[in-house]
Amino acid sequence: MPELDLPQLLALAAAIGWASGIRLYLVVLLAGLVGYMGWVPLPSGLHLLAHPVVLAVSGFMVFVEFFADKIPGLDSLWDMVHTVIRIPAGAALAAGVFGADHALMALVAALLGGGFAATAHAAKATTRAAINTSPEPFSNVGASLVEDTAVPAGLWLALAHPVVFLVLFVLVLALSVWLIRKSWRFLKALLGRVTRIFSGRPDPGVAPAFRRQRSDDGPA
């Protein structure tokens, strides 16, 4: 089985860092499985992921996270706890793509991977917090299912079509920054509303962060 070439390694490091900010345990499980099954020659720095104990633990955590991430309120608490886990783990996994034999590239990958994980985590956490204020209960589940699908799709694309992945990755980063800004402005306005209510000041309300476009089919 041929070793991964440089474009694949670069795309894999970016994908692992980014995806760790969304579904860390799923990243560990999928990377470990493809290495354990011999489908992809894992870089030496990621060989530990294919250990049966790591596969069992990550598989259990994937099961827990799958349900925890779909319960409004609990998903935001889960994100808050994992702020201190996903970002350093994303940096470490991205560095592991190049390993100790390429110390400079590993350091660069760690810095970028941590940054990508932080961006993805911030976009996920702030967007979910904004969605949780919506009266539509299925918005949360839909967003979670999109994340469940995006992570394996991104990892596959990084290995199968690395150049395509890197182009799309730039667009995803831009979208993440937009989501962070939009959601954060909404959350600040929501916090201001709570402060006004408890201080007895007039409350003009807060517009929802994300709106559905509705057509008016009634008579003019």
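## Lysine over a phenylalanine ring

In this predicted model, K70 is placed over the face of F66, 3.7 Å from the centre of the ring. F66 also belongs to a cluster that ring pairs form with F63 and F67.

## Aromatic pairs

A pair of aromatic rings is described by the distance of the centres and the angle of the planes. The count of aromatic pairs comes to four. In the pair of F63 and F67, the ring centres are 5.2 Å apart and the planes stand at 70°, so the geometry is edge-to-face, the class for angles over 60 degrees. F63 and F67 both lie in helix α2, and because they are four residues apart there, about one helical turn separates them. F63 has a relative accessibility of 52% and therefore counts as exposed, for which the cut-off is over 50%. F67, with a relative accessible area of 46%, is partly exposed.

The rings of F116 and F169 also make an edge-to-face pair, with 4.8 Å from centre to centre and 85° between the planes. This pair links distant parts of the chain, as F116 and F169 are 53 residues apart. F116 is in helix α5 (residues 103-131), and F169 is in helix α7 (residues 162-199). Both residues of this pair, F116 and F169, are buried.

## Packing of α2 and α3

Helix α2 covers residues 52-68 and helix α3 covers residues 74-81.

Which residues of α2 and α3 meet? On the α2 side they are M61, V64, E65 and A68; on the α3 side they are L74, D75 and W78. By class, the residues of this contact comprise five nonpolar and two charged, with no polar ones.

## Overall architecture

The protein has seven helices and zero strands. Read from the N terminus, the order of elements is α-α-α-α-α-α-α.

How much of the protein is buried? Of its 220 residues, 41% are buried. As for contacts in the protein with a separation of 6 or more, 70% are between residues 24 or more positions apart. The pair of F116 and F169, with its 53 residues of separation, links two helices, α5 and α7.

Key: Residues are numbered from 1 along each chain as its sequence is written. This is a predicted model: local features need pLDDT of at least 70, side-chain atom pairs count only at pLDDT 80 or more; totals for chains, interfaces and linings use all residues. Side-chain values use heavy atoms; hydrogens and water are left out. Axes are lines fitted to C-alpha atoms, for helices over the stretch in contact, and angles run from 0 to 180 degrees between N-to-C directions. Contact means heavy atoms within 4.5 Å. Ala, Val, Leu, Ile, Met, Phe, Trp, Tyr, Cys and Pro count as nonpolar, Asp, Glu, Lys and Arg as charged, and the others, Gly among them, as polar. Rings of Phe, Tyr and Trp (its six-membered ring) pair if their centres lie within 6.5 Å; planes under 30 degrees apart count as stacked, over 60 as edge-to-face and the rest as tilted. Buried means under 20% relative accessible area, exposed over 50%, partly exposed in between (1.4 Å probe, protein chains only). A charge sits over a ring if NZ of Lys or CZ of Arg is within 6 Å of the ring centre and within 35 degrees of the ring normal.
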